[in-house]
Amino acid sequence: MAQVQQPPLNWEASATTTHPLVSSTLPSEVETCLKNARFLHLATCDALYPHVSLMNYTYFSSTPFDPGPLIIMTTNPSSKKTLNLISNPRVSLLVHDWVSHRPPTRIPDPTREGSPPPQATRSSLASLLLNINTSALSSISATINGTARMVEQGSEEESWYKERHLENNTFGDQAREERGIFGTTLSAPSEGDGGASCFIEGEEVRVVVVKVKEGRIADWKGGVKDWSIASAEGEGPRGRHQLVNGVV
């Protein structure tokens, strides 16, 4: 009879709410992750299947238009995710600080290509970064649930968000050097903002605001912790009466 593989010692069941934290602000580790991650994954859903998109984003703890916390993204008005958001504004986001580069496996795979690309091996700095123990850098992943809305086109709110979003997604020489290391030649022409402006400033581009409601933090050891944002009335996102800045 085959032995059943035992989960790690710190594994815990996570099908239900685990270690719930209720606060008027995001957990500090989630906020830090949002301030430092380059992209997030946006999951929208129609009546059939979830749809996941890799997105540039901007996080606000508050804005002149909302006490927050909020996450801003922009989208093509005719995209699949936009159509999903119109029919179903409930979204789930995933942001993490894990090293996404897949290190070599114990048994080399001859069919695996492009990770890392040849350019990376020509740079001592890139080689160093690629060979750092990923467990030392990895910390958490955060699932964030919220409600999305399209900002009114031509409004002061839309202009304010677009300007801040562009500022937050305009990168300097370091980003250009990284593109050179990981597959793009340094001499290739590019805009100073890395081409971000065409995805943010276009007249047809829509601004999406996600009002954060709740989420879950997972660490690399298997530990999980749930959290939610309390409303001004002391009600949690699902109508449960909850403590502000406390643990239920």
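**Helix α2 and its packing**

I began with what helix α2 packs against. Its buried residues (buried means under 20% relative accessible area, exposed over 50%, partly exposed in between, with a 1.4 Å probe and protein chains only) pack against β2 (40-45), β3 (50-55), β5 (70-75), β6 (90-96), β7 (140-150) and β8 (206-219). Contact here means heavy atoms within 4.5 Å. Helices (H or I, at least four residues) and strands (E, at least two) are DSSP runs, numbered from the N terminus.

This is a predicted model, where local features need pLDDT of at least 70 and side-chain atom pairs count only at pLDDT 80 or more, while totals for chains, interfaces and linings use all residues. Residues are numbered from 1 along each chain as its sequence is written, and side-chain values use heavy atoms, leaving out hydrogens and water.

Which residues of α2 are buried? I found K81, T82, N84 and L85 buried in this helix, residues 80-87. They sit on the same side of α2 because they cover an arc of only 160 degrees around the axis; the arc is that of the directions from the helix axis to the C-beta atoms. I86 and S87, on the other side, are exposed.

**Confidence**

I checked pLDDT next, the predictor's confidence in each residue, from 0 to 100. The protein averages 75, and 59% of the residues score at least 70. Residues 178-195 fall below 50; this stretch has 24 contacts in the model beyond near neighbours in sequence. Residues 232-248 also stay under 50, and there the model has 35 contacts beyond four places in sequence.

**Nonpolar cores**

I looked up the nonpolar cores: sets of buried Ala, Val, Leu, Ile, Met, Phe, Trp, Tyr and Cys residues joined through side-chain atoms within 4.5 Å. The largest has 26 residues, and L34, L40, Y57, I71, M73, V95 and I144 have the most contacts inside it. At least two residues of this core come from each of α1 (28-36), β2, β5, β6, β7, β8 and β9 (224-229). Another core, of eight residues, lies apart from it and includes L70 and V209.

I followed V95. Not counting residues up to four places away in sequence, V95 touches C33, L34, A37, F39, L40, Y57, S141, A142 and I144.

K211 is in strand β8. Is K211 buried, partly exposed or exposed? It is partly exposed, at a relative accessible area of 23%. A polar atom of the K211 side chain lies 3.5 Å from the backbone oxygen of G68.

I then noted that the peptide bond from G68 to P69 is cis, with omega near 0 degrees. Most peptide bonds are trans. P69 lies in the loop between β4 (58-60) and β5.

**Aromatic rings**

Rings of Phe, Tyr and Trp (its six-membered ring) pair if their centres lie within 6.5 Å; planes under 30 degrees apart count as stacked, over 60 as edge-to-face and the rest as tilted. I get five aromatic pairs by this rule. F65 and Y161 form a tilted one, 5.7 Å centre to centre, with 55 degrees between the planes. F65 is in the loop between β4 and β5 and Y161 in helix α5, so the pair ties together parts 96 residues apart in sequence. W160 and Y161 pair edge-to-face, at 5.5 Å and 75 degrees. Both W160 and Y161 are buried, while F65 is partly exposed at 31% relative accessibility. F60, F65, W160 and Y161 form one aromatic cluster.

Technical notes: A polar contact is a pair of N or O atoms within 3.5 Å; within protein, one must be able to donate a hydrogen and the other to accept it, and residues adjacent in sequence count only if both atoms are side-chain atoms.
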